[in-house]
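I opened this entry to record what I looked up, item by item, with the terms spelled out as they come up.

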Amino acid sequence: MATEEHGDEAAHGPMEQFEIKPLIDLNLGGYDISYTNSALFMTLAVICTFSLFWAATRKRTMIPSRIQSIGELMFEFVAGMVKENVGKEGMKYFPFIFTLFVFILFGNVLGLLPYSFTFTSHIIVNAALAVFIFVAVTIIGFATHGLHYLRLFCPAGTPLPVAIVLVPIEIMSYFIRPVSLSLRLFANMLAGHVLLKVLAGFVISLGIFGIVPFLAVGAVTMLEIMVALIQAYVFALLSTIYLNDAVHLH
Amino acid sequence: MPQFDPSTFSSQLFWLLICFVVLYWVISKFAIPRIGDILEQRERVVQDDLDRAESLKGEAEQALADYEAAMADAREQARTLMFKVTSDAKAAAEARNKDIGEELTTQIADAEQRIATARDEAMASLTSIAADAAKDAASRLAGLDVNSGDAEAAVSSAMKGNA
């Protein structure tokens, strides 16, 4: 009987982990701004980032300690990515890209801890970030190149018949950017967590044979850690590539 | 799907804005300057070390060049000195040779002089001896008493005739 109950509990829907639960009810001008489990993990991401860089830069040694190496590595990784894709002019956007990378990284990684919440598995969060990047890139593009920025859709020297086909495709691909950017992260996080939850449910319901899905959960967790890192990298990388279009019209 | 429940959007967006702005501040005002500082400092130290290595290398090269110049100088000096000593010795040898040669020439000349004198004396005494011998022979063989002056004149003319 007791096992049955446990089984029932573990068999909670795989979507339950994504539920937003208010922790503190708040209201601002008719809008619900409750402090939720999502907000809690966003706060944790900020605190973890601060702690990481505080620990990394506490001693400031010539030969870095492990934690200092992690901080330096992240810094140089993102700085290198921005410099490589956008060049020296892009370095003024480096703090933003770095913030984006670290925020998504901690969102993904913290979400892998048991009983935690993954705020990057919510499309609205990713969409907000992606739309912000899209709007910012468009503004930077027009501010830097004026109306020449429209050349992005039709590179100089394109023959007319090609242009008739090319321009609509280019325009479409430009406007699809925020959608693909946010959906990619959302789908990866959603699928990974659903898979983990489903596998974890089998561990209990299969009894002694639960060892098989249990091992699978271990393996998939490894995979999900990799996905968490890669998706944070991809999100930041695509942002720098979009930024490059705006800064250097090809 | 809880993801498509619009009633949670406002709170998610609100806290996303707050957290992202705070995180941006943490990154741009705290993390980047501090990490950047560390990296810059390290780069400076490494660059300093490289510069020092470069200057030390330059010094070493300078020292080597100095050494080589000193060596060349010394070799040159040695060569000059050697040349000078050799030529001095040669000059001295030549001078001595010349002195000895002169001395020898003088001695040879003296000796020749002495020989000539001795020969003349011998020649002169030869006439009188021959005259004496001729006078003795004349008196003994022919019983003639020839006076010495005639005998001498006769010998001289005979010798001249012979010569």
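I began with helix α1 of chain B, residues 9–141, and checked its length: at 1.5 Å a residue its 133 residues should span 198 Å, and the end C-alpha atoms are 186 Å apart, which agrees. The expected span is 1.5 Å times one less than the number of residues, and helices (H or I, at least four residues) and strands (E, at least two) are DSSP runs numbered from the N terminus. What I was reading is a predicted model, in which local features need pLDDT of at least 70 and side-chain atom pairs count only at pLDDT 80 or more, while totals for chains, interfaces and linings use all residues. Residues are numbered from 1 along each chain as its sequence is written, and chains are lettered from A and ligands numbered from 1 in the order in which they are written.

I then looked for a bend and noted one of about 35° in α1(B) at Ile27(B), taken as the angle between axes fitted to the seven residues ending there and the seven starting there. Just after α1(B), I found Gly143(B) with a positive phi of about 70°.

Is α1(B) buried or in the open? I counted 13 buried residues among its 133, so α1(B) lies largely in the open; a residue is buried if 20 or more other C-beta atoms, placed from the backbone, lie within 10 Å of its own, exposed if 12 or fewer, and partly exposed in between.

For chain B as a whole I noted 2 helices and 0 strands. Its radius of gyration is 63 Å, well over the 15 Å that the globule rule gives for 163 residues, so chain B is more spread out than a compact globule; the radius is taken over C-alpha atoms, and the rule is 2.2 Å times the number of residues to the power 0.38. Along its principal axes, the C-alpha trace of chain B spans about 195 × 25 × 15 Å.

Turning to the interface, I found 36 residues of chain A in contact with 30 residues of chain B, contact meaning C-beta atoms, placed from the backbone, within 7 Å. α2(A) gives the largest share of the side of chain A that touches chain B, 10 residues.

Last, I looked at Tyr115(A), in the loop between α4 and α5 of chain A, whose phi is positive, near 70°, although the residue is not glycine. With 5 C-beta neighbours inside 10 Å, Tyr115(A) counts as exposed.

Note on methods. Two residues are in contact if their C-beta atoms, placed from the backbone, lie within 7 Å.
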